[in-house]
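Here are a few notes to go with your first look at this one. Keep the viewer open as you read.

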Amino acid sequence: MAVLPSASYTMAASGTSSLYSPTLRALSFSAPRRRFQFGVFPEVESLGKDVRDGRKILKHYYSRNSRRYLCCDQGETSVVKSKDFAVPRRKAIALIFSSFMLSHSHDTSLAQSIGFREYIDTFDGYSFKYPQNWIQVRGAGADIFFRDPYVLDENLSVEISSPSSSNYQSVEDLGPPQEAGKKVLRQYLTEFMSTRLGVRRESSILSTSSRVADDGRMYYEVEVNIKSYANNNELAVMPEDRVARLEWDRRYLSVLGVENNRLYELRVQTPEKGFSEEESDIRQVMNSFRVNKV
């Protein structure tokens, strides 16, 4: 048999990283001045030991007349019979892409099943748990700040009142949970004030509650929703040209506690559309917040 032209190719085995498998798949290959097709090889007559062990690289040459693939390994030739197996190029590429997306989604689902780490501040006197894949951001203005490295709208922080300007004895100094919720919402809206033209904020208090934790202290929990709208053309003269669009829709959850004559607030921010999926983890973070005597 004449020496076959050298070919460049890509080859993969179904379900294993080995070069040999009962069902051998060739994804793509090409040779100078020849056109080849994608295909699946359901029957293998003979493959050398070196090939089965995956130590050597095969060169594949497709013969249109005999509809066979010739596998050459250092001068030895084995014939791979093929039935009607031609697969269009676009379908093969789509198959590769879908396999990648399925494996990626599987990895993502595993990444969502994460554990927690505990952060303890012995100097200021508080502690909480946070998702172990979140990262700390310094210089954010809060006493401590963590955020999701992939979903930037998900974060948590701790705010503490100044010891020189506050003299809290209990979280009940804020009034009932409903009054505390109004104060928390006003604080959020003050922080989100914008000087941009055409910006509008909509807010609502979703829930307020109180609980006594295992340390015997009372904590308030407040949940609010804030939406931000902005005009797509704030400088337009005609009102119909200034169309408001939704910039973001977020849920803010706060846990309030008092110790050392100071008010402590754990804040958790998350996109409203993803809250139902993250609610279980967020509740664990909120329930873990404790203030301690220093």
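1. A quick term first: two strands count as paired if DSSP finds at least two bridges between them. Keep in mind, too, that this is a predicted model.

2. With that in hand, look at the sheet. Seven strands make up an open sheet, in the order S9-S10-S11-S15-S14-S13-S12, and the pairing is antiparallel. At the edges stand S9 (135–136) and S12 (200–212); each has a single partner strand, so one side of each is left without a neighbour in the sheet.

3. Arginine 147, for instance, has asparagine 155 in S11 as its bridge partner.

4. Now find helix H4. It lies across S11, S12, S13 (218–231), S14 and S15, and runs at about 165° to S15.

5. Next, the nonpolar cores. The largest has 22 residues, and Tyr126, Phe128, Leu156, Val158, Leu266 and Phe289 have the most contacts inside it. Two or more residues each come from S8 (126–131), S10 (144–147), S11 (155–160), S14 (244–259), S15 (262–271) and H4 (275–287). H4 gives the largest share, four residues. Apart from this core lies another, of 16 residues, including Leu174, Val184, Phe192 and Leu256.

6. Which residues does tyrosine 126 touch, leaving aside those up to four places away in sequence? Among them are Tyr119, Ile144, Val158, Ile160, Tyr264 and Phe289, and also Asp121, Asp143, Arg290 and Asn292.

Key. Residues are numbered from 1 along each chain as its sequence is written. This is a predicted model: local features need pLDDT of at least 70, side-chain atom pairs count only at pLDDT 80 or more; totals for chains, interfaces and linings use all residues. Side-chain values use heavy atoms; hydrogens and water are left out. A nonpolar core is a set of buried Ala, Val, Leu, Ile, Met, Phe, Trp, Tyr and Cys residues joined through side-chain atoms within 4.5 Å. Buried means under 20% relative accessible area, exposed over 50%, partly exposed in between (1.4 Å probe, protein chains only). Contact means heavy atoms within 4.5 Å. Axes are lines fitted to C-alpha atoms, for helices over the stretch in contact, and angles run from 0 to 180 degrees between N-to-C directions.
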